[in-house]
Amino acid sequence: MRHLMNPMDFSVEELNRLFDLAQDIEAHPDVYAHKCDGKKLATCFYEPSTRTRLSFETAMLNLGGNVIGFSDAASSSASKGESVSDTIRVISCFADICAMRHPKEGAPMVAASRSSIPVINAGDGGHQHPTQTLTDLLTIRALKGRLDHFTIGICGDLKFGRTVHSLVNALARYADIHFIFISPEELRIPGYLRDKLNENGLSFKEEVRLEDVLPQLDLLYMTRVQRERFFNEEDYVRLKDFYILNKEKMELAKEDMLVLHPLPRVNEISVEVDDDPRAVYFKQVQYGVYVRMALILTLLELA
Ligand code: NCD
């Protein structure tokens, strides 16, 4: 039995197969409409979410399965003091597969170690968000036709943004990827990630001004400042509008640069950018459903 805790749990070949399957699902949804008949997905969300939870649920419903779960720790037995290990043992009796989001780093991993069904990490604190990374990679592959030879700018809250940490790990495995990390000083990528990139001889630089590097980018990954992970509101207020991508700045970018964002967006991309054909963050949401369908089929060994 397999779980998904980290995008690195899948080899590059396995990811390729997963993305092929996701693109086949996109092309022929009817073929997959009953693949999960009689199966149940449990979504155990101890932290707020709109997209990820509904995307998982839509994925399972599109496959003919059913969904159970909770979307708030307060409405689960966690509020009575139940441990994640006990909850997953209970959920294992009800469902065939579980997607779990938790504010504590490592909680889905603890669950996986006690589970008799596959567990998918749907975001653990500021740590990892592997299914967002699968979504990001599928979007890039579908729209650019490849996952190598890119200069990618990753902009915003690189310290607390778990989607950033997962994406950097995953993209670092492809050839000729140049990372440009764009953030205020306080929100730079964590030291462990910088060390890992250095150890592996990967090409990256860190910048503060988005305008200075925009013309070099093939891909721009914007992120929100993660308010819920700040220790004080003052720092958040000072940093939240540090970057605002607008029409004027988009004029500096290549004509075929893609703008990605895991969403939710706050102020970091002005709504006037939404109509720009290079803005693909809403398309990304659709790819998220296909890739989660492919993941559910793969982990349930129904692919
Ligand atoms: C992200 C998350 O939860 O980490 N959202 C998502 O799942 N698409 C990004 C964010 O909250 O900023």
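Reply: The shell around the ligand takes at least three residues from each of two domains, domain 1 (7-128 + 287-299) and domain 2 (131-284). Those bounds come from an automatic or database domain assignment. The model is predicted, so local features need pLDDT of at least 70, side-chain atom pairs count only at pLDDT 80 or more, and totals for chains, interfaces and linings use all residues. Residues are numbered from 1 along each chain as its sequence is written, and side-chain values use heavy atoms, with hydrogens and water left out.

Around the ligand are Arg51, Thr52, Arg101, His129, Gln132, Arg162, Thr163, Arg224, Gln226, Pro262, Leu263 and Pro264. A residue is near if one of its heavy atoms lies within 4 Å of the molecule. By class, the shell holds 3 nonpolar, 5 polar and 4 charged residues.

Now the polar contacts, meaning pairs of N or O atoms within 3.5 Å. A side-chain N or O atom of Arg162 is 2.8 Å from a ligand oxygen. Gln226 also places a side-chain N or O atom 2.8 Å from an oxygen of the ligand. Pro262 uses its backbone: an N or O atom there lies 2.9 Å from a ligand nitrogen. Of the 310 Å² of accessible area that the ligand has on its own, the protein covers 94%. Accessible areas come from the Shrake-Rupley method with a 1.4 Å probe.

Which elements give two or more residues to this shell? They are helix H2 (51-62) and helix H6 (162-171). Helices are DSSP runs (H or I) of at least four residues, strands (E) of at least two, numbered from the N terminus.

Next, the backbone. Leu263 and Pro264 are joined by a cis peptide bond, with omega about 5°. Both residues belong to the ligand shell. Pro264 is in the loop between strand S9 (258-260) and helix H11 (281-299).

Conventions: Polar contact = N/O pair within 3.5 Å; in protein donor to acceptor, adjacent residues only side chain to side chain. Nonpolar A, V, L, I, M, F, W, Y, C, P; charged D, E, K, R; others polar.
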